[in-house]
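Please work through the exercises below with the sequence and the model at hand.

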Amino acid sequence: MKKIILFYLVFILLLSSSTIGFANQDSDAIDEKQVLDHALLTPSMWINDQMTNTVEQSNVENPSLIDNYTWAVMRYDFVQRSENHGYVDLPTPSAGTVLIPANMMSTEVCKAALSVCRNSKMETLEAFDAYVSQRMLHTSSAFSNGEDEWNTESCYNFRKESAVEMDILGDVCLRADLVGECYAQASFNTAVLRLCGFSPEEVFTVGIQSYQGGHGVNAVKVEDQWYILDSTYARFVRLGIREGVIFDKYFMPPITDYIIFLENDKYLINFGTLHPQYIPSMKDPYLNMDAEKLGEIIGDIRPLFNNSFLGKQKWTLDSFVENATSHPLMKTIAVPYTAEDAEGANIEEKASDLAARCQDFICGQDDENNQDQYDKSCYALGILSADYPQVYANAAKLAAWTSFHAMERDMNSPFFDVFMTSFWTRATILNKQVVPEDCVAYSDLLYLRHAGSSVDKAVLAYGTLRNMEKDNDFWSADDLYVLITDNNQGYLAVNLNDDWKYLNFEGGKAISDDSPGNVDMAFNEVEYLHSWEE
């Protein structure tokens, strides 16, 4: 009888689970004025009424090493409060300088570069214009009205969407292949064009801002002429309202009152945000480029943005150079590979080769400081061979949906916590690799996609249990370890009444008394072990 009652309880819990709704299709009845209004409505970086409220700041002065890397993993990298475990730290050196090299390690980004690369840079830019116009969609119009794509609680945030995550969001969205907000799209675009052979001095992600808010676009130089690329207009191209996403001059002042930053894999030029209290890690002026070269670039691109001021301070170029310093976590070395270096018999083989070259280079940049943009980009992609894989457990603990589902399904005993976590994870997440092999998917991504590898599911289960109550507190990290075998299978080791149990996320027995063999690594949010012994 107890088993029957438990079965019905689980069944009811399954029926009550949250689901993602999709927005209705966009109406075709959109006029030119609405296209112009798009600049004021869609960028996800806009300052809204919530920003007038006091925002509790996380401690960015002395974050722990693990916390410092966790933001690169997290879906949200802007002071996102977890339900139970505090705040996610702010991005350093910046979200874009980490996302761009992370994207350059993506096979799909490398394939995009190979598919649009032409004999001339102008032909390449035109081909890329057509590529993004057909494939990209801004998140604000991609999913349910009034909710973000993760259905989490309302909050002001900058979203972290790598190229891999944009592709997975595209799998869920019916109207586009690549879904992301403006900053994610601009970072994607910079990565592709850099791999097409544009130098670090010829393509930047550019942050622009006014008192209404901010936006992210690209500045691209072709044959001594600079252009603005804003891929958030892609859906208007598909509706036949615009011919492309390339601008000779960016329109509609005062949207571009301020230029906030220019960045790519090599450079970080930050003039200072209009609202430094919300982005304290980017309030200072940063410059790691030759001042004469910066003068040439600024002189060329400011007219494209209605001669916008340089940051909140309205710097002159000389005063900015005098006051700016190089960001201490920014390594001024560019990724050296382009589509021309790729080897293979077809585009798939060439894309894999190019991505592997970029990954080898980026991983090879690791040094004693262990804090630069390249090191952190490995975590943004979720690479398991990173030096501190325990950040993935930490990110799972902080994930919004993980904590929400844990509280919804928290049981009245440790045994049933373990049982429910095992059952729920196996029942709702299909066994399917949604990120590159040897990588970890962010927990909220699994809930949205309802699919993941056994490694992904083990990390997800870790975060779920960490948010369940045990003995008037939460489950301790000391009682939970993610185990990964040498053939890349994931398990969760759980200390249940001084007896270790093992959750299996492939087929077969769900909870076992026996440790899996050939464990290659074990970690929780605190430590990383190269082997496993009970």
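The model is predicted: local features need pLDDT of at least 70, side-chain atom pairs count only at pLDDT 80 or more, and totals for chains, interfaces and linings use all residues. Residues are numbered from 1 along each chain as its sequence is written, and side-chain values use heavy atoms, with hydrogens and water left out.

**Exercise 1.** Determine the strand order of the open sheet of 6 strands.

Solution. Strands are DSSP runs (E, at least two residues; helices are H or I, at least four), numbered from the N terminus. Two strands pair if DSSP finds at least two bridges between them. The order is S17-S16-S15-S14-S18-S19, with antiparallel pairing. Strand S17 (511-512) and strand S19 (528-529) are the edges, each pairing on one side only. Next, S14 (residues 480-485) and S18 (residues 519-523) are joined by 4 bridges; here Val482 stands opposite Phe523.

**Exercise 2.** Describe how H5 (residues 107-116) meets H12 (residues 347-363).

Solution. The axes, lines fitted to C-alpha atoms over the stretch in contact, come within 8 Å and cross at roughly 120°. Angles under 35 degrees count as roughly parallel, over 145 as roughly antiparallel, 65 to 115 as roughly perpendicular and the rest as oblique; H5 and H12 are therefore oblique to each other. In contact (heavy atoms within 4.5 Å), residues including Cys110 and Leu114 of H5 meet residues including Leu354 of H12.

How values were computed:
Axes are lines fitted to C-alpha atoms, for helices over the stretch in contact, and angles run from 0 to 180 degrees between N-to-C directions.
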